[in-house]
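Please follow the description below with the sequence and the model side by side.

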Amino acid sequence: MKKLLAIVIVALFVAPMAMGANHVVNMTGNTYVPGTLTVTQGDSVTWTNSDAVTHTVTDTSGAFNSGNILAGGSWGKRFTVIGQYGYKCNFHPAMVGTLIVTPVYTIPSMTTYGLALLALLLIASTVLVLRRKRAGAVA
Ligand SMILES: [Cu+2]
């Protein structure tokens, strides 16, 4: 029973982070599009350089730095730490963007997370019923 509970807890809290979505920020006309992007903890973001000049994705507080992203190139990173990140291009001071990483636990709708919870509860209760039947505890 304790083992099952541990599996359920790990599945609920680790699985959503492991299944992070992918987002794309386009660099075009010396602008990040979208300029502000909100993602969920564990998601990945890929910056794609559609310009004919080199850009960077450089966090203003030093949390990350892409290095040079050549024309047509791209750079990606997975974000696991919650927060608001202001970033800029080292070559174009007016080229700025914001990335907001929100906690994985605040998904407000019955989407994948809710369905996974329902499935796990169903499995857990089925296992419990089967165990009781085997033990002869069910009248
Ligand atoms: Cu640039």
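How many bridges join β5 to strand β7, and do the two run parallel or antiparallel? In this predicted model, two bridges link β5 with β7, the latter covering residues 83–88, and the two strands are antiparallel. The residue pairs can be located directly: T58 lies opposite K88 of β7, and D59 lies opposite Y87 of β7.

The C-alpha atom of S61 is separated by 7.7 Å from that of G86, although the two residues are 25 positions apart along the chain.

Strand β7 also pairs with β8, which comprises residues 96–102; six bridges join these two strands, and their direction is antiparallel. One of the residues involved is G83, whose bridge partner in β8 is V101. These pairings belong to an open sheet of four strands, ordered β3-β8-β7-β5, in which the pairing is mixed. At its edges stand β3 (36–40) and β5 (58–59), each of which pairs on one side only.

A further sheet can now be considered. Four strands in the order β2-β1-β4-β6 form an open sheet, again with mixed pairing. Here the edge strands, each pairing on one side only, are β2 (31–33) and β6. Neighbouring strands of this sheet are turned against each other by 20 degrees on average, with direction ignored. Within the sheet, strand β1 (residues 22–28) is joined to β2 by three bridges, and these two strands run antiparallel. N26 takes part in this pairing, with V33 as its bridge partner in β2.

With both sheets described, the chain may be viewed as a whole. Its secondary structure amounts to two helices and eight strands.

Two overall values complete the account. Of the 139 residues in the protein chain, 16% are buried. Among contacts with a separation of 6 or more, 50% are made by residues 24 or more positions apart.

How values were computed
Residues numbered from 1 in each chain as written. Predicted model: local features only at pLDDT ≥ 70, side-chain atom pairs only at ≥ 80, totals over all residues. Buried ≥ 20, exposed ≤ 12 C-beta atoms within 10 Å, placed from the backbone. Contact = placed C-beta atoms within 7 Å. Pairing = 2+ DSSP bridges. Axes fitted to C-alpha atoms, helices over the stretch in contact; angles between N-to-C directions.
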